[in-house]
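Thank you all for coming.

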Amino acid sequence: MTTVGKTALRDVRVFDGQGLTEPRTVVIDGAVIGADATGAEVVDAAGGVLLPGLIDAHIHPDGRAALAALTAHGVTTGLTMATWPVELVASMRDVSGMTDIRSAGLPAIGPSGLHARMPGLAEHAVVRDPAHARRFVADRVAEGIDYLKIMLEAPGEGGLPEDVAAALVAAARAHGLTVVAHAGSPGAYTLALDVGADVITHMPLGAPVAVGDVARIVADGRVVIPTLDMMRGLADPLGLPPGAYAASARGVGVLHAAGVPILAGTDANATPGVPYQPAFGVSLHDELALLVDAGLSTAAALRAATSLPAKHFGLSDRGAVEPGLRADLVLVDGDPLANISATRAIRRVWLAGVESVR
């Protein structure tokens, strides 16, 4: 990877959150986007399109090989949604020239649901009562988590009881943390709203989010990460009837049309026993295409992987191409506003001003 210095990208069209600018010059000045091209090495972008670094809002990386794959596909920030132990998280943080990660660390799970049967989770992640919930959150804060992940199931399915989930949310609030709730069914969505989760990840398969819950998501200002690629990939292994995934996709369109912020996340993982494993990096481009198919405009899909996750996860130093922000940038050929698949045509990637060698 190249040394951080000053580079002027000449003749580049910039995605500004709504459309593409006229050709202009963008300056990379050390780790940030600068405003003065004096003394910069000039790079002719030849009319290419410059995007803010892409953000995958739901990943499960298992080491630096995963980060390398994310980086190669323009994912400059990854939000891990259950990665442990702390030593693994630490080994992936602040790696120069690779995807910058934020982490929920160990998730909170119920005593007898699906996740309690996953190897390595039950021993440390089960939260049994409200007092334990407060200790669990304090332990995660001591480990340096960036937000809290709770795994919810519909009532009666062995997940976190409502009082325990509510205590986890309250404890997270006391520490200033955002709460992300796993919810894969309409009942789990309702529970996520009842306990006050900020972000809901996944979409129900084969059944829509309840109409009343859509209105509550809007009224309460909640955010959804639908992980459509994962939902599509799970439909067959779970033996669901034809049309199950289509219902999920329609649900995303309903949420988006109602004004719910939609974030792009893939659930990329290499976890043994998981019936579908989206590939790190490339799956985000698949997710963008699925979001467009579900009813988002191409500009909205790009915002779902740039400015919106930055906004809703407090990453105020990234998500746009503006002076003073972190120089996380992706240069692509083609126009992703005309065809979202152009995000795959990556020419160059910078992470905090460091160019990744592809």
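Let me begin with a term: a residue is called buried when its relative accessible area is under 20%, exposed when that value is over 50%, and partly exposed in between, using a 1.4 Å probe and protein chains only. What you see is a predicted model, in which local features need pLDDT of at least 70 and side-chain atom pairs count only at pLDDT 80 or more, while totals for chains, interfaces and linings use all residues. Residues are numbered from 1 along each chain as its sequence is written, and side-chain values use heavy atoms, with hydrogens and water left out. When I name helices (H or I, at least four residues) and strands (E, at least two), these are DSSP runs numbered from the N terminus.

Tyr147 has 2% relative accessibility and therefore counts as buried. Which residue forms an aromatic pair with Tyr147? The partner is Phe313, in an edge-to-face arrangement with 5.2 Å from centre to centre and 70 degrees between the planes. For such pairs, the rings of Phe, Tyr and Trp (its six-membered ring) must have centres within 6.5 Å, and planes under 30 degrees apart count as stacked, over 60 as edge-to-face and the rest as tilted. The structure holds 1 aromatic pair, and it links distant parts of the chain, since Tyr147 lies in the loop between α4 (130–142) and β9 while Phe313 lies in the loop between α12 (307–312) and β14 (329–332), 166 residues apart. Phe313, at 13% relative accessibility, also counts as buried.

Turning to the sheet, 4 strands form an open sheet in the order β9-β10-β11-β12, with parallel pairing, where two strands pair if DSSP finds at least two bridges between them. The edge strands, each pairing on one side only, are β9 (148–151) and β12. β9 and β10 run parallel and are joined by 4 bridges, and Leu148 has Val179 in β10 as its bridge partner.

Next comes helix α6 (residues 186–195), where Ala188, Tyr189, Leu191, Ala192, Leu193 and Val195 are buried. Among the elements covering those buried residues are β10 (179–182), β11 (199–201) and β12 (223–225), together with α5 (162–174) and α7 (211–220), and contact here means heavy atoms within 4.5 Å. After α6 comes Gly196, whose phi is positive, near 90 degrees.

Finally, Gly97 is placed in the loop between α2 (86–92) and β8 (100–103).
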